Amino acid sequence: MTANTTAGTEAAGGVVHAAGGDAGAPVALRELSRSFGSVRALDGLSLEIAPGEFVALLGPSGCGKTTALRIVAGFETADSGSVTVDTKDVSAVPAAKRDMGMVFQSYSLFPNMSALDNVGFGLRMRQLRAGERSRKAGALLDMVGLSDHAKHYPHQLSGGQQQRVALARALAIEPRVLLLDEPLSALDAKVRLQLREQIRSLQQRLGTTTLFVTHDQEEALSMADRVGVMRDGRLEQVAVPSELYAEPATAFVAEFVGVMNRIPGQLEGADQVSVLGVIAPVHGSTAAGLSRDVDVLVRPETLRIAVQEGGNGIVTDRTFLGSVTRVSVRLSGDVTVKVDRATTEAAEMLPGASVQVSMPVTPVHVTGRR
Amino acid sequence: MAAVADVAAGAQTPATRPATRRRSYPVWRWVILLLAGAYFLIPLYAALRFAGLKAFPDVFKQSGFFSAIGLSLRLALVTTVLTLVLMVPTTVYVHLRLPGIRRVMEGITILPIVIPPIVLIIGVLKVAPSFLLGTPYLLGLVYVILAMPFAYRSLDAGLRAFDLKTMVEASNSLGAGWLVTLWRVVLPNIRASMLSATVLTVALVLGEFTAASLALYVSFPVWIVQFEQNSGPVSVAASLMALFVTWLLLMVIVAVGGRSARRRGGAQVALFTVTRQDFSQTRGEPE
């Protein structure tokens, strides 16, 4: 563990790793499969996580992301495949011996222990003497801004405070892998945002390899170095957030990440599609196996819009999003699309206005007509 | 009457009157409470009148009293320990690993209530280890079975009020093995339900007559019945004392468990239920 030079780190009593140091371990999930009865929760999942990297697994309910995390933690056993940490296969190592910190979705503090004792629990299991344990636990509570609450019991803490104590508790054992199982989902929006920033900041300071499971794309995209989008027990794509958004590998990823319009179009051969009066190239092989009538997936910021008498759409609604206003337009065929426009330019696009919606010739994803 | 009630309510206007208190204790509840109280208290009062206060000191002078109460207390201790040692790990295991059979367990654990005591005694005699045969501690095995419905329900209620799976996994992830997790995490958080199970078990053993009588051991209830033939008033005084001491014991256990639980925000003990504060709704402090 390398000493960090920040004041905050010194206050934390030397428990903090330096980012980029030897704090995090490389983790590899190889061909993990797991079934529950007839339900295949994981179907050959593979993922490599670099030391100190923050990877989020994102996906809808039932996609297998939590199962994957629980297999890494040692709470579930894979039917096949392996988990390696630091190149060592830990598949047969019990959870108690994996040295992984974990923060759970539900409040998991031990109700019979104070915040200080909760944080010190893992240190106690590692035979640290009471004085050292208390000093270190106190430093970690300080690190998450709760040193004043050391003697409080869980029922005396708010939800956000409990999750911060849980984070301190998970970090107290100086894990080389940190596992986060939707730790923010039970919190209200404001607290969630604060804790999201705190987790990311701590992870970067400590350099702990982190696997984060969430169904909230905003959380995943804003916190993680890389995001893996899961579907039906498999990874659809693993990429940095910007790539995931701008260059989704599949129609599922395109539609799952961010806001996406579905506009009816017709395939023109295997690699082109006719939509909104233009012929656009089809991204990758997404058109394979589809009939001629397809839905074209286009982001709101990709579409163009202009007020035009006798245009192809009517404005039905608009939502102010700060610098951008999202304009809802009903096209012919009762198709509604969302178009983002700079707020300064959207003033005249009032509900009922006739507009012309068009799109540039740019590669698009297509999917079966809904 | 309404006018009298208004006067009794004092100068408070309808707007300031504590309406919630009135709603909490409607008249019919008082009527039921009075009827139930009369049902229980009138026989006790009659017994007290029959025994007379002078009979109470005489209880301690009677032959066999101390050996009978001593046997009952020893049996209560043995039964409680055996019950907890058997039922706590079983209930925890069922909750953690076999949640699907909880209903089956509820059905199985209710059986001792519907099976006649003589059947239980014969069953226990068939399987009891030989070193227990001929000793009064054999009754302990019978009492463990008789206490099972109450102990299981208490422990089950306690485990339901506690996110056992997450706590165990959190403990494991921090490096604790199963025994440490049970000792440091699970048991402290089901202490209220263990107390409840203890209370019910002790009460059952101190008042159990049939099995002890059939097995020909003079426990306290058996002694009371036997002694009744010598002196009715002393026997009734002994019964009243037993009732009072049992009640006092139960209250002490409940009070101690409740105080500890309140201090730590844990589960509250009631004899047949264990309730825990809802952490998701009551937060001590704002962010």
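**A helix pair and its surroundings**

Mentor: On the α5(B) side of this helix pair, the residues that meet α8(B) are Leu75(B), Val78(B), Thr79(B), Leu82(B), Thr83(B), Leu86(B), Met87(B), Val88(B), Thr91(B), Val92(B) and His95(B). Their partners in α8(B) are Leu139(B), Gly140(B), Tyr143(B), Val144(B), Ala147(B), Met148(B), Ala151(B), Tyr152(B), Leu155(B), Asp156(B) and Leu159(B). Together these residues divide into 16 nonpolar, five polar and one charged (nonpolar being Ala, Val, Leu, Ile, Met, Phe, Trp, Tyr, Cys and Pro; charged being Asp, Glu, Lys and Arg; polar being the others, Gly among them). Contact here requires C-beta atoms, placed from the backbone, within 7 Å. Helices are DSSP runs (H or I) of at least four residues and strands are runs (E) of at least two, numbered from the N terminus.

The model is predicted: local features need pLDDT of at least 70 and side-chain atom pairs count only at pLDDT 80 or more, whereas totals for chains, interfaces and linings use all residues. Residues are numbered from 1 along each chain as its sequence is written, with chains lettered from A and ligands numbered from 1 in the order in which they are written.

How do the two helices lie? Helix α5(B), residues 65–97, packs against α8(B) at an angle of about 45 degrees, and their axes are 8 Å apart. Axes are lines fitted to C-alpha atoms, for helices over the stretch in contact, and angles run from 0 to 180 degrees between N-to-C directions. The angle therefore makes α5(B) oblique to α8(B) (under 35 degrees is roughly parallel, over 145 roughly antiparallel, 65 to 115 roughly perpendicular, and the rest oblique). The crossing of α5(B) past α8(B) is right-handed: the near helix is turned clockwise from the far one by less than a right angle, a left-handed crossing being anticlockwise.

Helix α8(B) has a further partner in α6(B), residues 102–114, with an angle of about 135 degrees and axes 7 Å apart. That angle makes α6(B) oblique to α8(B), and this crossing is left-handed. From α6(B), Met105(B), Thr109(B), Ile110(B), Pro112(B) and Ile113(B) take part, and from α8(B), Ile145(B), Leu146(B), Met148(B), Pro149(B) and Tyr152(B). The residues of this contact divide into nine nonpolar, one polar and no charged.

Beyond its neighbours within four places in sequence, Ala168(A) touches Val119(A), Leu140(A), Leu141(A), Met143(A) and Val144(A).

After α9(B) comes Gly175(B), whose phi is positive, near 105 degrees.

The contact between the chains takes 31 residues from chain A and 26 from chain B. On the chain B side, α9 (164–173) and α10 (178–189) are the elements giving two or more residues, and α9(B) gives the most, with six. That side divides into nine nonpolar, 11 polar and six charged residues.

Chain B comes to 14 helices and two strands, and 34% of its 287 residues are buried. Chain A has nine helices and 20 strands, with 47% of its 370 residues buried. The C-alpha atoms of chain A fill a box of roughly 80 × 45 × 35 Å along the principal axes.

How values were computed:
Contact = placed C-beta atoms within 7 Å. Buried ≥ 20, exposed ≤ 12 C-beta atoms within 10 Å, placed from the backbone.
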